[in-house]
Amino acid sequence: MSPYRPEFTQLEQSNIDVEFSRLANNKSIYLDHAGTTLYSENQVTAAAEQLRQNVICNPHTCRLTGDFVDQVRFKILEFFNTTAEDYHVIFTANATAGLSLVAENFDFGSSGNFHFCQENHTSVLGMRERVQANGIYMLTEKEISGESGKQLSNGKSPRTGSGNSLVTFSAQCNFSGYKIPLDTIGNIQRNGLTQRGKQIWSSKTEKDEIDNNNYYICLDAASFVATSPLDLQKYQPDYVCLSFYKIFGYPTGVGALLVSKRGAEAFGKRRFFGGGTINYAYPHAMDNQLRESFHQRYEDGTLPFLAIVGLLEGFRTLERLVPRTEGFTTMERISRHVFGLAKYLEDQLKQLQHPNGEPLIQLYNKVGYENKSRQGGIVAFNVRTDSGSFVGFGEIACVAALHGILLRTGCFCNIGACQYYLGLDEDAMDAIYKRAGRICGDYHDLIDGQPTGAVRVSFGYMTTFQDVDELLKMLRSSYLATKPHQRILFIEEQAEQLPPVLKQRVQQLRPKLLQMAIYPVKSCAAFKISSSGESWPLTEQGLKYDREWMIVDMNGMALTQKRCTELCLIKPVITEDLLELHFGESSVSVPLSLQDQADDSAKCVSKVCREPVNGLDCGEVVAQWLSENLGLEGLRLLRQSGYRNSSKDQQKLSLVNQAQFLLVNRSSVRSLRFEEDLDETVDRFRANIIIDTGSAFEELSFQELTIGQINFRVEGPCQRCDMICINQRTGERSPETLTTISRLQKGRMRFGIYITRVTKADEEADGKEQSMSCGDVVLAE
């Protein structure tokens with residue numbers, strides 16, 4: 001691990017600190033410079049003074065305003081080491097508006113295609129809706145940089161095709177900070193692509209094998225130029241889109257599209273014109289003439305001239321606070337500074353471990369932090385528990401906010417990068433966005449324990465080494481030195497200090513009752529209650545109708561899946577007045593009313609766990625149905641007609657083995673990592689109550705818990721047998737289930753916990769039937 005080496009001198013750092021003293025005054029640590037950097041105090045003061053001293057009005061009226069705007073154009077070209085001989089500067093509202101302008105005006109000719117990178121800002125995806133290309137293709141970063149695949153083009157220069165293809169990619173990924181090598185620009189312009197990428201749409205039924213199109217590059221530089229130098233003499237993309245608030249913090253609402261002379265030639269005839277773009281336009285005829293100056297043709301309406309004038313102080317501020325040195329320009333020094341902080345943070349995050357040695361942090365990057373030409377000042381990660389489960393990024397956002405740390409969470413308007421770094425296939429994407437209903441910018445952070453986004457910290461020239469250490473301190477104290485329930489309590493107690501969107505996330509921190517499973521017939525399949533808000537009544541024995549029936553053999557002994565795995569294929573359905581049993585296409589039913597059953601049934605006695613059980617025989621029809629479908633002679637269905645009292649504390653039991661309820665934590669099940677659907681694995685454990693705490697095996701530490709308004713006492717862990725090796729949907733056995741649990745529990749076969757309902761005296765006197773609902777909050781001690 002290399003130590004952190006400061007880029008700025010003590011005097012330079014002191015000057016910067018003075019300009020951003022409001023951070024210390026507000027006890028804020030700002031770590032979202034990829035979202036927007038911060039403006040300095042003197043920058044906005046000087047901008048205001050410039051407005052106060054000068055008469056700056058509409059450029060059509062004031063020559064001074066036009067002079068200011070021309071001066072800013074010159075500064076922009078100088079900033080990117082180019083001149084008006086090579087590039088036009090078109091002012092836009094932001095980088096997104098620049099991308100839109102390219103999409104609307106690029107001439108694809110007869111055979112040109114639009115190619116974009118998977119790891120792109122949402123605004124690049126929006127270009128697909130406006131381009132008039134023959135085909136639209138998604139490229140991976142490796143396909144863009146030419147690191148994979150066979151050359152499709154003839155490799156000759158100049159290219160001879162009649163079509164123009166446009167390749168759009170981000171110079172720096174705003175999710176991870178990864179930088180695509182800028183040499184890629186010239187390579188594609190000269191030689192085309194090595195691969196077309198995945199076809200998203202095409203106007204043709206067949207693809208040509210040889211691609212002789214002329215290739216143009218649209219570089220989304222918004223993230224890159226905020227902290228890195230872009231030399232347009234060395235690298236010459238045809239179009240460069242950027243937003244100035246990313247560089248200066250102030251003003252917002254102004255960006256630029258830089259168009260090379262080559263790129264200008266590929267712009268087609270405009271399909272719209274606005275004020276300021278024309279020499280004249282007749283209202284009585286379809287006749288107009290555009291301005292001679294290229295940039296004027298595309299700057300519709302009055303420019304945001306006050307914002308543009310404010311950019312002058314932005315350039316001056318950077319040069320003043322981060323002065324050029326003998327070896328490095330201002331932007332090169334800023335790049336060195338943010339990269340050094342990111343490298344230090346990555347080194348420190350890698351060292352954070354839980355007491356059991358499991359890493360606290362899951363990092364997301366491609367090439368690490370060894371070369372600033374390939375990695376910027378961004379660090380993306382997720383937090384993990386000691387069992388490997390993920391902590392939701394929404395919780396991290398809450399904890400960080402309460403520590404005065406401002407950072408970003410989610411997918412950062414880059415769903416493609418999210419998909420790549422989180423390893424999400426197309427079905428997982430549908431599960432997140434279509435079935436679970438997640439939308440960009442929300443805090444729906446975990447689905448089945450898997451993250452839908454990440455935590456991102458990003459640095460600017462005003463970020464300090466101490467800021468990074470405060471983030472590390474927060475992670476250590478909150479996630480290594482604090483128990484989960486303590487952390488949740490801390491967040492809940494301070495929730496009023498959070499922004500409204502995070503207050504909503506606080507309500508989701510506590511685990512909730514996800515599902516109730518009623519097993520009417522012992523050892524048969526479950527009848528599940530899982531819809532949010534759906535309730536189920538409780539009795540003195542547990543969930544109503546749970547294990548109230550059992551199948552016995554001709555000797556009166558209870559039949560279980562250990563002897564007959566096909567029992568799991570008998571699926572119960574509880575209706576208003578019947579218990580229906582289904583086996584494939586065949587079904588039979590018995591009355592739910594115990595009185596109706598007793599009026600037409602013979603009494604009998606059987607045993608469960610060596611204890612006698614008084615029951616009612618459910619008759620010949622269901623008995624014959626069971627024997628025919630299970631292939632065993634002499635089977636009968638019995639219904640419990642009297643309570644069983646446990647030998648431990650006289651709690652009333654149904655036909656369960658040990659306790660009224662069995663609780664399983666989906667996080668614990670997830671940690672098994674079986675190669676089957678998670679719900680299938682959950683079913684193996686035949687629990688009544690399913691929760692998800694986010695931390696595997698956390699339930700083993702519970703002593704008491706409350707679900708909604710119902711109190712429970714923990715009786716202890718459930719000792720497992722080989723019955724969990726049976727897949728409850730197919731009846732097939734898989735012995736590795738038990739060996740996996742044994743390995744995780746260091747030889748012990750524990751999984752899930754037994755719990756007993758604790759009834760208060762006033763509840764007993766009330767006599768009112770109580771219930772639980774899916775979505776009830778689970779509080780554990």
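Predicted model: local features only at pLDDT ≥ 70, side-chain atom pairs only at ≥ 80, totals over all residues.

Biologist: How many disulfides does a search of the whole structure find?

Modeller: The search finds two. Counting bonded cysteines along the protein chain, their pattern is 1-2, 3-4.

Biologist: Why is the pair Cys57 and Cys62 called a disulfide?

Modeller: The sulfur atoms of Cys57 and Cys62 are 1.6 Å apart. The cut-off is within 2.5 Å, so the pair counts as a disulfide. This link is right-handed, with 70° about the S-S bond.

Biologist: And what makes Cys62 buried?

Modeller: Cys62 has 11% relative accessibility. Buried means under 20%, so Cys62 belongs in that class.

Biologist: How do you know that Cys411 and Cys418 form a disulfide?

Modeller: Their sulfur atoms lie 2.0 Å apart, which is within 2.5 Å, so Cys411 and Cys418 qualify. Both of these cysteines are buried.

Biologist: Why is the disulfide of Cys411 and Cys418 called left-handed?

Modeller: Because the torsion about its S-S bond is about -90°.

Biologist: Why is Cys117 in no disulfide?

Modeller: For Cys117, the nearest cysteine sulfur is that of Cys173, 7.9 Å away. That is not within 2.5 Å, so Cys117 is left without a disulfide.

Biologist: Is Cys117 buried or exposed?

Modeller: Cys117 is buried, because its relative accessible area of 2% is under 20%.

Biologist: What makes Cys774 count as buried?

Modeller: The reasoning runs likewise: Cys774 has 4% relative accessibility, under the 20% cut-off, so Cys774 is buried.

Terms used: Residues numbered from 1 in each chain as written. Heavy atoms only, no water. Buried < 20%, exposed > 50% of the residue type's maximum accessible area, 1.4 Å probe, protein only.
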